[in-house]
Amino acid sequence: YGKIVDHPNFSPRIVEYMTDPMWVDCRESAHYPAIFLRNLQEPFLIWEQAFDSQLTNMARETLLVLGSLPREIFVEDLESAVRKFTAESGEEVRTASFRAALAELQGNFVVIRRDRENDIVMFHNPSIQDFIEGYLDKNPDIYKRLLKGAYFFEQVHWTCRRIETELASQRMESQMGRPLYATLSAQPCALTNYSSGRGNSSYKGRGRLQPGSR
């Protein structure tokens, strides 16, 4: 139990999946702990099953956009990025729909915490970020959608790094100009630590744009 609970990829979603009768009933009890730990170590199949069949389309697109953003950002910045991403396909996202998708993801796929007046969102654990990146690699056309629908410069930078091989072939250079220009006026969304009260307290705030970092 300790190895499971303390595992860095532990999440309620994996516990729910691994305690489903389809996993429990057909395994010998002696082998079950090892199978559980293996799925914690390599949870891609679990996330794929949940992503494809248990999430709404709005929740899936929110995760894809979050994958293109820095490790932790303000919820309001994620909403802006999701709005821009979906607008490229003609979909208008209302705040209520976005908040419903975020509530759907919270606890299993993402973590939201309060920092002063702001809500900060990030992936629940590194394995989910890895899954999203793997999913995008298997569906490279989504990279083009992310580039075209980028709201922040950090998204353009991240997407170009992920598809640098394709960019090198010059098949996408013509598509970079408009997204790059459109994001230059946006305030950076990457967060950094600030201190106040002579260093007695700290808080998160948007940092300066640093193209060389994620």
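**Helix packing and a pocket in a predicted model**

The crossing of helices α10 and α11 is left-handed. The contact between α10 and α11 involves Tyr143, Leu146 and Leu147 on the α10 side, and Val156, Trp158, Thr159, Cys160 and Arg162 on the α11 side. This is a predicted model. Two further helix pairs, α5 with α9 and α7 with α8, are described below, together with the second largest pocket.

**α10 and α11**

- Helix α10 spans residues 141-148 and helix α11 spans residues 153-162; the two pack at an angle of about 155 degrees, and their axes are 9 Å apart.
- Angles over 145 degrees count as roughly antiparallel, and α10 and α11 are therefore roughly antiparallel to each other.
- Sorted by class, the residues in the contact of α10 with α11 are six nonpolar, one polar and one charged.

**α5 and α9**

- The axes of helix α5 (residues 44-53) and helix α9 (residues 126-138) cross at roughly 70 degrees and come within 10 Å.
- Because angles of 65 to 115 degrees count as roughly perpendicular, α5 is roughly perpendicular to α9.
- The crossing in which α5 passes α9 is right-handed.
- From α5, the residues Phe44, Trp47, Glu48, Phe51 and Asp52 take part, and they meet Ser127, Ile128, Asp130, Phe131, Ile132, Tyr135 and Lys138 of α9.
- In the contact of α5 with α9, seven residues are nonpolar, one is polar and four are charged.

**α7 and α8**

- Helix α7 (residues 75-87) packs with helix α8 (residues 95-105) at an angle of about 115 degrees, and the axes of the two lie 11 Å apart.
- That angle makes α7 roughly perpendicular to α8.
- α7 passes α8 in a crossing that is right-handed.
- Val75, Leu78, Glu79, Val82 and Arg83 of α7 make the contact with Thr95, Phe98, Arg99 and Leu102 of α8.
- By class, the contact of α7 with α8 holds five nonpolar, one polar and three charged residues.

**Second largest pocket**

- The volume of the second largest pocket is about 210 Å³.
- Its lining consists of Tyr1, Lys3, Ile4, Val5, Phe10, Thr19, Tyr32, Pro33, Phe36 and Leu37.
- Helices α1 (2-5) and α4 (32-41) each contribute at least two residues to the lining of the second largest pocket.
- With four residues, α4 gives the most to that lining.
- The lining of the second largest pocket divides by class into eight nonpolar, one polar and one charged residues.

Terms used: Residues are numbered from 1 along each chain as its sequence is written. This is a predicted model: local features need pLDDT of at least 70, side-chain atom pairs count only at pLDDT 80 or more; totals for chains, interfaces and linings use all residues. Side-chain values use heavy atoms; hydrogens and water are left out. Axes are lines fitted to C-alpha atoms, for helices over the stretch in contact, and angles run from 0 to 180 degrees between N-to-C directions. Angles under 35 degrees count as roughly parallel, over 145 as roughly antiparallel, 65 to 115 as roughly perpendicular and the rest as oblique. A crossing is left-handed if the near helix is turned anticlockwise from the far one by less than a right angle, and right-handed if clockwise. Contact means heavy atoms within 4.5 Å. Ala, Val, Leu, Ile, Met, Phe, Trp, Tyr, Cys and Pro count as nonpolar, Asp, Glu, Lys and Arg as charged, and the others, Gly among them, as polar. On a 1 Å grid over the protein atoms alone, a cavity is a set of points where a 1.4 Å probe fits but cannot get out, and a pocket is an open set with protein on both sides within 12 Å along at least five of seven lines; lining residues have an atom within 4 Å of a point. Grid points are joined across faces, edges and corners, and a volume is the space filled by probe spheres set on the points.
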